[in-house]
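Open the model in your viewer and keep the selection tool at hand. The tour below goes from stop to stop, saying what to select and what is there.

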There are 2 protein chains.
Amino acid sequence: MVSETDHDEDLMTAELPVDEGARPDDRINDERLDEENTLKVDYIRAVREGLEEGDKGAVYDLVEPLHPADIADLIELLTRDERRDLATAITDLMSSDVIAELNDYVREDMMESLPAEAVAHIAEQLETDDAVQMIEDLDYADQQAVLAELDDDDRAAIESALAYPEETAGRLMSREVVAVPEHMSVGSLIDFLRENVDLANDFYEIFVVDHKHHPVGTCQLSWILRTPRNIALSDVMKRDQTLIPVGIDQEEVALMFQKYALISAAVVDENGRLVGQMTVDDVVHIISEEASEDALLMSGAGDGDINEPIREAYGSRVRWLIANLGTALIASLIIAAFGAAIEKLVALAILMPIVASIGGNAGTQTMAVSVRAIAMNQLTEANTARILWREFRVALLNGVTIAVLIGLATGAIFTPILGGVIALAMVINIVTAGLAGVLVPVIFERLKQDPAVASSVFVTMITDSMGFFAFLGLAVAVGLGT
Amino acid sequence: MVSETDHDEDLMTAELPVDEGARPDDRINDERLDEENTLKVDYIRAVREGLEEGDKGAVYDLVEPLHPADIADLIELLTRDERRDLATAITDLMSSDVIAELNDYVREDMMESLPAEAVAHIAEQLETDDAVQMIEDLDYADQQAVLAELDDDDRAAIESALAYPEETAGRLMSREVVAVPEHMSVGSLIDFLRENVDLANDFYEIFVVDHKHHPVGTCQLSWILRTPRNIALSDVMKRDQTLIPVGIDQEEVALMFQKYALISAAVVDENGRLVGQMTVDDVVHIISEEASEDALLMSGAGDGDINEPIREAYGSRVRWLIANLGTALIASLIIAAFGAAIEKLVALAILMPIVASIGGNAGTQTMAVSVRAIAMNQLTEANTARILWREFRVALLNGVTIAVLIGLATGAIFTPILGGVIALAMVINIVTAGLAGVLVPVIFERLKQDPAVASSVFVTMITDSMGFFAFLGLAVAVGLGT
C-alpha cells in the first residue's frame with residue numbers, strides 16, 4: 001500500500017499501539033441514552049407529552065434520530081394505548097428492524113391490531129426468519145390471511161419454516177445463504193458476489209457444496225479477502241465444520257454456537273443437504289433467553305416476561321402455587337403428627353420454621369448450581385458421583401456452621417437439650433438438601449424432563465418435610481414435649 | 001460466472017430451494033458425541049481406563065480426533081488427578097484453543113501446576129484477550145514470572161489489558177483490529193489484506209479511522225466483497241456505529257451486542273481513539289454467564305460453578321445461609337409473640353407454615369420476573385408504576401385462587417372461622433409478596449446494588465414475617481386461641 005500520511009502506516013497495522021493508562025469514561029453514543037444505554041426518563045416523558053397533546057410532528061422529530069432497537073425499547077416502555085398512538089405518529093419509522101427487535105408479546109399485540117395486508121407488507125421486507133417470528137404467534141386464520149397477501153416465493157419460504165416445530169433450527173434458520181461449488185476460484189467468487197445484488201445483506205461465511213448440495217467446506221470472508229484471485233476455494237476452505245441438523249431444539253443450537261464459538265453455521269436436512277444457516281446475531285437472543293429462563297422456571301414464573309398478558313401470567317404462576325400448596329400440606333401433616341408435643345412445648349412451634357426455611361435455602365442453592373451445570377452440559381453421567389460427593393462436603397460444612405450458631409443461641413435462650421436437638425436437625429436437613437439439590441435435577445434430566453421446571457417443588461417438599469420431621473421427631477425422641 | 005454443471009446455477013442462488021417435509025434426524029457430527037452434543041459416557045470410560053492403565057498411546061489415539069472444545073469438556077469431566085495424567089499423555093493436543101475453552105477454575109488449577117515458561121509459551125500462542133484471561137487469575141508472583149518470559153510486544157499488550165479493572169471492555173477486548181484510512185479504495189484494501197500475513201486470523205469488520213485514530217465508519221466484509229475495486233471505502237462504510245467505551249462493564253457490553261445485534265464492535269478510549277475490538281464469539285460467553293448468573297445470585301449460590309474449589313463454594317453459600325438465619329429468627333420472634341394462642345389452638349402451628357411458604361413462592365416468582373426485566377433494561381423508571389400495578393393484579397388473582405382452596409379445606413377439616421382467617425391471611429401475604437417482589441429489586445437497583453444479590457433475603461423476610469403475622473394476628477383478632 002502507499003503511505004500517504006505519517007499516520008497511515010501505523011493505521012494499517014493489525015496490532016494497535018499499546019494504550020497506557022486509558023480509563024473509563026462516560027461518553028455515550030446518543031444524548032437520549034443514559035449511562036446504561038437505556039432511554040432517559042426525561043426523553044420518554046417528552047415523547048409521552050407529545051402523544052398526549054396529539055402533536056405528531058413533535059413526536060416524530062423526537063423519535064426520528066433513534067436506532068431501531070431503541071425505537072423498539074421505547075414502544076415497550078409505553079402503555080398499550082400510547083403504543084398505538086406512537087405507531088400512527090411514526091409510521092415510516094416503524095421499519096422491519098424495529099418490528100424484529102420488539103418483544104414477542106408486544107409485537108403480537110401490535111400485529112393483531114393491524115390488517116392482514118399491512119402485516120404482509122412488513123413481512124415482505126423482513127428476512128425469512130424474522131418474518132416467521134412475526135407470523136408464528138398469530139391465530140391460524142390471521143396467519144392464513146397474511147400468507148395469502150405474500151408473493152409466492154416469500155409464502156413458500158415462510159410456510160416451509162412454519163412446517164418445523166417451534167423453537168427448532170428449521171423454524172429459526174435463515175434461508176438466505178451463499179453456497180458455491182468447490183472448483184470455483186476466489187476471483188470468480190468475488191466477481192459473482194459483486195454481480196448479484198439480491199444476496200442477503202450481511203453474511204459472514206461462504207458455504208462450499210457438492211453437486212448434491214451437501215456442504216463440503218466453509219470459508220470465512222476474511223480468508224477470501226486475504227487470498228489471491230486464482231486460488232481455488234477448495235484450497236482455502238476449512239473442511240471441518242459444525243453442521244446443525246434442521247430438527248434440533250434452539251437450546252442445542254445455542255450450546256453449539258457457544259461451545260464452538262461460531263459466527264454462523266450451516267443447517268442441513270436429514271439427507272445432509274444444505275437448507276439454510278443460522279447466524280450468531282439471532283442466536284444471542286436464544287442464548288440469553290435459555291440462560292435466564294432457568295431462573296424463571298425454577299421460581300415457577302413461566303415465561304416471566306413483563307409484557308405477557310395478565311391472564312397468561314396468572315395461569316402459569318397459579319399452577320405453581322397450587323403445586324406448592326400440595327407440598328406445604330404434606331409438611332402440615334407432619335407437624336400435625338406432633339401436635340401433642342407442640343401443645344406441651346410451644347418453643348417447638350417457634351423454632352421449627354427455622355429448620356425448614358434454612359434447609360429450603362440450602363436446597364435451592366445446590367439445585368441452582370446443578371440445574372445450571374446440567375444446562376451447560378457440565379454435569380453428566382460421567383461426573384455425577386463426583387459432584388454429589390462435592391456437594392455433600394459443602395453441605396456438611398454449611399450444616400455444621402449453621403448448627404453451631406443456632407444450637408448455641410437456642411441453648412442460651414431455651415434449654416441446652418433443645419439447642420442440641422435443633423443443631424442436629426439442622427445438619428440433617430442441610431445435608432439432605434444438598435443431596436436432593438443434585439439428585440432431583442439429575443433424575444429429572446434422566447427422565448427427559450426439564451430439571452429447571454420440576455425440581456423446585458420436589459426439593460422444597462423434601463427440605464420442608466425433613467426439616468419439620470427431623471426437628472420434631474428428635475425433640476420427641478429425647479423426651480421433649482412429652 | 002460460468003456455469004459448469006446443471007447444478008451450478010442453483011448452487012449460486014442466494015435463496016435456497018424450499019425444502020418440503022424435511023424432519024428432525026439424529027445425525028451427529030462425531031460418533032463420540034451423544035444426541036446432546038456431549039461426550040458419550042462409554043467414550044469417557046475408555047479414556048479413563050487408558051489413563052488408569054498408563055497407556056498413553058491409547059489415550060492419545062482416543063483424544064486426537066476431538067474438537068478442542070470437546071477436549072476442554074473432557075478435561076473438565078475428569079478428576080484433578082486424571083486431568084494431570086491426561087495433560088501429560090496429550091501434550092501436543094493441549095493447544096491454545098483447548099486452554100481458551102477450559103472452565104476458569106479448571107484452567108487456573110492447571111496453570112498453577114505448570115512452570116512459568118510453559119504458561120508463557122501457551123500465552124504467546126493465544127490472542128491477547130485469551131492470554132489475559134489465562135493469566136489474570138494467577139497470583140501476582142506467578143503472573144510476573146509468566147510476563148517476564150514473554151517477548152516485549154506480548155508483555156506490553158497483556159500488561160496494558162491487566163491495567164483495566166476485571167470484567168471491563170479494556171480487559172476483555174482484542175487488540176488485533178484492521179484499521180484503515182478513509183480515502184483507501186476497496187481494491188487497495190484487498191491488496192493490503194492479501195499482503196499482510198500477520199493479521200488476526202478471523203475478523204468480521206474493517207474499521208475506518210481518521211488521522212487521529214478516531215473511528216469514522218465501519219465496513220462489513222460482505223460489503224467489501226460485493227463492491228468494485230475502485231470505490232473508496234468512505235462510500236461503502238456505515239458512519240453510524242456502536243462504539244464501546246473501554247471502561248464499561250462486561251454486562252453492558254453484552255447488552256449492547258444483544259440490543260444492536262452486533263458481530264463485532266470498536267472499543268474506544270476516553271479520547272475517542274480506537275484501541276481494540278470485541279467480537280461476538282467472546283461476548284456469547286458473557287451473555288450466557290450474565291443471564292444465568294441471576295439464578296445463582298438469587299439463590300445465594302455465588303459463582304455456582306461445579307468446578308469452584310469447595311472452600312470458596314462454602315464461603316459464599318454459608319454467608320447466604322447466615323443471612324437467611326437472621327430473617328428466620330425475625331419470623332420466629334413473631335411466632336413467639338403469639339405463643340399463648342398456639343398453646344391453646346395447636347391448629348395455628350400446623351397451618352402457619354402454609355401461609356408463609358406460599359407467600360415466599362409468590363414473592364420469588366415476582367422477584368425473578370423483576371430481576372430479569374431490570375437486567376434486560378426493560379423495567380426502568382418510565383414503567384415501574386405500570387409494572388407494579390400489573391403485578392398487583394396478578395397477585396390478587398393468585399391470592400384469591402389459593403385463598404379459596406386453602407380456606408375451603410381448612411374450613412372443612414378445622415372450623416369455618418379458621419378457614420376464613422387463613423384465606424384472608426393468604427390474600428394479604430400473596431399481594432404483599434407481589435408488591436415486594438417488584439419494589440425490593442427496583443429499590444436495590446436505584447441504590448446501585450445488584451438486585452439479584454440483595455433482593456432474595458429481603459423478599460423472604462417480608463413474606464415470612466407477613467405470613468406468620470397476618471395469620472396469627474387475624475386468628476387472635478377474631479378470638480381464636482384466646
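Begin with everything selected: a search of the whole structure, which is a predicted model, finds 28 salt bridges over all chains. For one of them, select Glu82(A) and Arg48(A), whose closest N and O atoms are 2.9 Å apart. This pair links distant parts of the chain, 34 residues apart. Glu82(A) is in helix H5 (residues 80-89) of chain A, and Arg48(A) is in helix H2 (residues 41-52) of chain A. Side chains of opposite charge can pair when their charged atoms come close.

Next, show both chains and look at where they meet. How many salt bridges does the rule find across the interface of chain B and chain A? There are 6 across this interface. Select Lys259(B) and Asp70(A) to see a salt bridge between side chains, with 2.3 Å from N to O.

Now select the whole contact, which takes 180 residues from chain B and 181 residues from chain A. The size of an interface is often given as the accessible area lost when the parts come together. Here chain B and chain A bury about 16200 Å² between them, and 60% of that is on carbon and sulfur atoms. Of the interface residues of chain B, 100% are also interface residues in chain A, so the copies meet through the same surface.

Keep both chains in view and consider how they are related.

Go to chain A and select residues 237-293, which an unreviewed UniProt entry lists as "domain: CBS". The chain there is 42% helix and 25% strand, and the end C-alpha atoms are 37 Å apart.

Stay on chain A for the spans that the unreviewed UniProt entry lists as "transmembrane region", among them residues 395-415 and 456-480. Residues 395-415 of chain A are 90% helix and 0% strand, with end C-alpha atoms 26 Å apart. Residues 456-480 of chain A are 88% helix and 0% strand, and their end C-alpha atoms lie 33 Å apart.

The last stop is helix H22 (residues 416-446) of chain B. At 1.5 Å a residue, its 31 residues should span 45 Å, which agrees with the 45 Å between its end C-alpha atoms. Just after H22(B), select Lys448(B), which takes a positive phi of about 65°.

Conventions
Residues numbered from 1 in each chain as written. Chains lettered and ligands numbered in written order. Predicted model: local features only at pLDDT ≥ 70, side-chain atom pairs only at ≥ 80, totals over all residues. Heavy atoms only, no water. UniProt positions renumbered as here; feature names shortened; annotations may be inferred. Helix = DSSP H or I, 4+ residues; strand = E, 2+ residues; numbered from the N terminus. Expected span 1.5 Å × (residues − 1). Contact = heavy atoms within 4.5 Å. Buried area = accessible area lost by both parts, 1.4 Å probe. Salt bridge = Lys/Arg side-chain N within 4 Å of Asp/Glu carboxyl O.
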